[in-house]
Amino acid sequence: MDPKLGRMTLKEWVAVESDSVQPVPRLRQELLRMMVLAEERLRSLGAHVNAVNMGSQKLPDGQTLPIPPIILAELGNNPEKPTVCFYGHLDVQPARQADGWRTDPYTLTEVDGKLYGRGTTDNKGPVLAWINAVSTFRALDEDLPVNIKFIIEGMEEAGSLALEELVKKEKAGFFSNVDYIVISDNLWISQSKPALTYGTRGNSYFMVEVKCRDQDFHSGTFGGILNEPMADLVALLGSLVDSSGRILIPGIYDHVAPLTEEERKMYEAIDLDLEEYRHSSQMQKFLFDTKEELLMHLWRFPSLSIHGIEGAFDEPGAKTVIPGRVIGKFSIRLVPHMNMSVVEKQVKRHLESTFSKRNSSNQMTISMTLGLHPWIANIRDNQYLAAKRAIKTVFGTEPDMIRDGSTIPIAQIFQATIQKSVMMLPLGAVDDGEHSQNEKINRWNYIEGSKVFAAFFLEVAKLH
């Protein structure tokens, strides 16, 4: 691949303000334009491209916006070769230079080997790196060692509207002959050492409402003669987790997969400077003093976070109000083999028990508003072995075998629906700042990442 050519295409793609988060017609048109650019690029490789119309989305204010098409593309259908499907997305988070960007977020700018721009690492750069790998074989008149499929969407940052339905619908069609699925939509845990990701946590999001009445009270008129909803809610939220980060809900750890000796060794091998990580996170102190403990609590143990209180007075100044109705929001990051419906029952039972002990006359209601499963892959699958070999060839080192503490629903959707091996092969460094100001991908990561994908095709073909 000519690095200059790859950079020119990245520049062209970054220039498109394909923001899916803000539901406005101008940005939706930019998203549609972005998908057309990708279709054209894939057709230029000789791929058969189907842009599946996903219809439109009706917003609460009544306006209707088009949902960008999902691209299904394929290159080669030789039954003797393995078929590798790549998932990526071309929509981005909002970005404005006024929010603290050093450069225009939609103009690709190189500074000291870093390519700055919205979408460079999440996820336009990795999508193009995969395309670059395919086009290298084309440019050299070499036969592709694998059949390639692409599924590329434009609504990932807004919750992947309609994607799951399409995957289910195409299980016996587009995906019927897929052997391996590769996602490149996360980051290394290091600035210089590559990684393979084999698991993510799930998420259960809860709302707990405590209500006395719809109106607020004056604390001079009512303070001292009623059960205040805020006091009830603070007690409930305070009963969920202790100061060491341990969740206090009875039974919550019962189904967490036990730690194996092999897994412990994998954590020991990970390249992480705890002091540097603490410093870059601008933290005084973490809850754990060793790399292994910290990573395990980030990736393979559940965590509970309290996010906010709706209905409380949170403006500057002093207001002597007793809120009449408040809603606390918290979530639990789930890990294998926790069962979401069991967790929901445990949470409700614990909060109901805690609330009953307060003898409050207020009403409490609990609801789980979001439930996303954790994902874990089998790292002995051929494609993990192929990716390790490709990384060793290009980077000269074994990858860190890592998990991700956040939730990436698409991995679980693919694995549960298509029941084929799913692997996350990140290209970006830990400091790329996806979703943040000054998002970037290193020129080195982008070019070497394209080489890794090409080497991966060769290694998969050898192992299949």
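**Cysteines and the domain contact**

Guide: Let's begin with a cysteine. Cys85 has 0% relative accessibility, so Cys85 counts as buried, the cut-off being under 20%. Cys212, by contrast, has 32% relative accessibility and therefore counts as partly exposed, since that value lies between 20% and 50%. Keep in mind that this is a predicted model. A disulfide is a covalent bond between the sulfur atoms of two cysteines. In this structure the number of disulfides is zero.

Now for the domains. Domain 1 covers 10-200 + 374-462, while domain 2 covers 203-256 + 301-372. Seven residues from domain 1 and six residues from domain 2 make up the contact. As for the distance, 38 Å separates the C-alpha centres of domain 1 and domain 2.

What is buried where they touch? Between domain 1 and domain 2 an area of about 540 Å² is buried, and carbon and sulfur atoms give 66% of that area. On the side of domain 1 that touches domain 2, three residues are nonpolar, three are polar and one is charged.

Finally, the pairings. There are zero salt bridges between domain 1 and domain 2, but one residue pair is in polar contact across their interface.

Technical notes
Residues numbered from 1 in each chain as written. Predicted model: local features only at pLDDT ≥ 70, side-chain atom pairs only at ≥ 80, totals over all residues. Heavy atoms only, no water. Domains from an automatic or database assignment. Contact = heavy atoms within 4.5 Å. Buried area = accessible area lost by both parts, 1.4 Å probe. Salt bridge = Lys/Arg side-chain N within 4 Å of Asp/Glu carboxyl O. Polar contact = N/O pair within 3.5 Å; in protein donor to acceptor, adjacent residues only side chain to side chain. Nonpolar A, V, L, I, M, F, W, Y, C, P; charged D, E, K, R; others polar. Disulfide = S-S within 2.5 Å. Buried < 20%, exposed > 50% of the residue type's maximum accessible area, 1.4 Å probe, protein only.
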